[in-house]
Amino acid sequence: MIPKRTFDAVIIGGGGAGLRAALQMAQADLKVAVISKVFPTRSHTVSAQGGITAALGNVSDDDWHWHMYDTVKGSDYLGDQDAIEFMCRNAPTAVYELEHMGLPFSRLDNGKIYQRPFGGQSQNFGGEQAVRTCAAADRTGHALLHTLYQRNIAARTQFFEEFFALDLIRDEEGYVLGVSALEIETGQPWLFEARVTLLATGGGARIFRHSTNAHINSGDGLGMILRAGLPLEDMEFWQFHPTGIPEIGSLITEGVRGEGGYLLNKDNERFMLRYAPNAHDLASRDVVSRAIAQEILAGRGCGPHGDFVYLKIDHIGADKIKSRLPGIRELSMQFAGVDPCEAPIPVTPTAHYMMGGIPTNLHAQVVTPERYGPEEAVPGLYAVGECACVSVHGANRLGGNSLLDLVVFGRAAGNHAIEYLRENTIPRPLPADASDLATGRLARWDKAKGNERVPKLRAEMQRILQEHCGVYRREDLLKEGIEKLGQVEARLQDAVIEDRSKMFNTARLEALELENLLPIARATLVSALARTESRGAHSREDYPKRDDDQWLRHTLYSRENDQLDYKPVRLKPLTVETFQPKERTY
């Protein structure tokens, strides 16, 4: 008999997005559960360093309209402008709410929240550099996550730590009625029944060999969506952060450049002055990543293999580094063997953030593509954060907008779910086969026989994505990548896991995660092959220009036969004039 727990709402993921949505509902006296495969404060939000962007105007004149313009431009005009307006208008309120919850922001001398410059930010619609990103030193995500967790504890949110979500439970009419999950410690499957299910499972950049993401970022929510027969949106767009530590992948925040750091090639040249004559080292992330890649390809990389560049910051002074960037100094010393107070940090572009994900509307409801009829919400199902695609980031996310996305749409999801629950007071009965998909997957691994090993297959998948779908893409490389990935997928049928009596459920968990990662990798390659243009983070060597006539639209990937559908970008904002696509320069 599988244990079952019943709640008003169940949130899958204990990061910033899940906790913000959970808090909104728990404070409305709803019975809320958060399922997390790690202790919530170990969720990947804890790794966010530089800050959360909002037009507060504490350091320089600012306006949410300017923030909106920068976000639309940063998205390379693929972002939906109604969603971007909603996020940027609500940004100051969201930050002040966090401040009142107790988030320990760094402070200016006048006591106001400290703000630093970040890439792609401007005043007056593309003018001078704006100072817009609110920071708690270089540990803003850590501060945010702990603040929200403590508030949820006070609101009596119930936590199920070290539970791994398996599959959504749906009835014949398409309502989502909860989720199945695996208790990691014991291997016991559970059912969580709820009238509202919210996915906040983060990104899936572990499909790449070099990634800033934690090992837990295996795209679990996206795998669940694909197995439920629902599509993913814009999966070709993966941000490569310009400054990751080579081989290690640990992120060196954009805040380092915001505090005055700059990039150097082997000739000691500040090369970004050539690539971005106005914004220099604070150009948009895709621009900086491509510039570094081009310097390396041109033979101007640093180190014995010429495969990285240097990020210099010692000139701003040891006191400033130790007060404003203490975590970065620690990371650099630990993983790069360099004290940035004395020497430059080696950096290289590293897979960082997923701009695509689960299609949602402004209320964070998951929506179905138009080929099933008019676009409509899946009843009872929401998605928030990096796993969702509303789409505020379009083809390229601006730094500082990820934490903002979490709290703005986490709050919006909570508010809409409260109304949904008031209108749907009677739980729908669970189908008789509610647990069959999950138990079938677990039984398959328990009985597996063969000579393939999950870690080897995962490593091969990551190498394929790194080599065939990196900063630069090309048709022949993408086709070859799809073919190679298909071979890895076929070999999964012969994979077995290690003896769980020795490994607890670690090996079992890795196998289940790979079942999520592989279809995400395939969605990425198929979508990247289909988009015959260069836009934002998707840079095609064989199609170097942006094509607004053909490609000002979102891709929708469905697992069945690798089907692709499309929907137009929503260019019309809620209350202001449309920002028309134009050439994007920094």
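Helices (H or I, at least four residues) and strands (E, at least two) are DSSP runs here, numbered from the N terminus. Just after helix 10, for example, G337 takes a positive phi of about 70°. This is a predicted model, in which local features need pLDDT of at least 70 and side-chain atom pairs count only at pLDDT 80 or more, while totals for chains, interfaces and linings use all residues. Residues are numbered from 1 along each chain as its sequence is written, and side-chain values use heavy atoms, leaving out hydrogens and water.

Let us stay with helix 10, which spans residues 326-336. Buried means under 20% relative accessible area and exposed over 50%, with partly exposed in between (1.4 Å probe, protein chains only).

| Side of helix 10 | Residues |
|---|---|
| Buried | G327, I328, L331, S332 |
| Turned away from the buried side, exposed | E330, Q334 |

Now to the cores. A nonpolar core is a set of buried Ala, Val, Leu, Ile, Met, Phe, Trp, Tyr and Cys residues joined through side-chain atoms within 4.5 Å. The largest has 75 residues, and F192 and L199 have the most contacts inside it. Helix 16 (residues 506-530) gives the most to this core, with 13 residues. A second, separate core of 62 residues includes A26, V32, I52 and M87.
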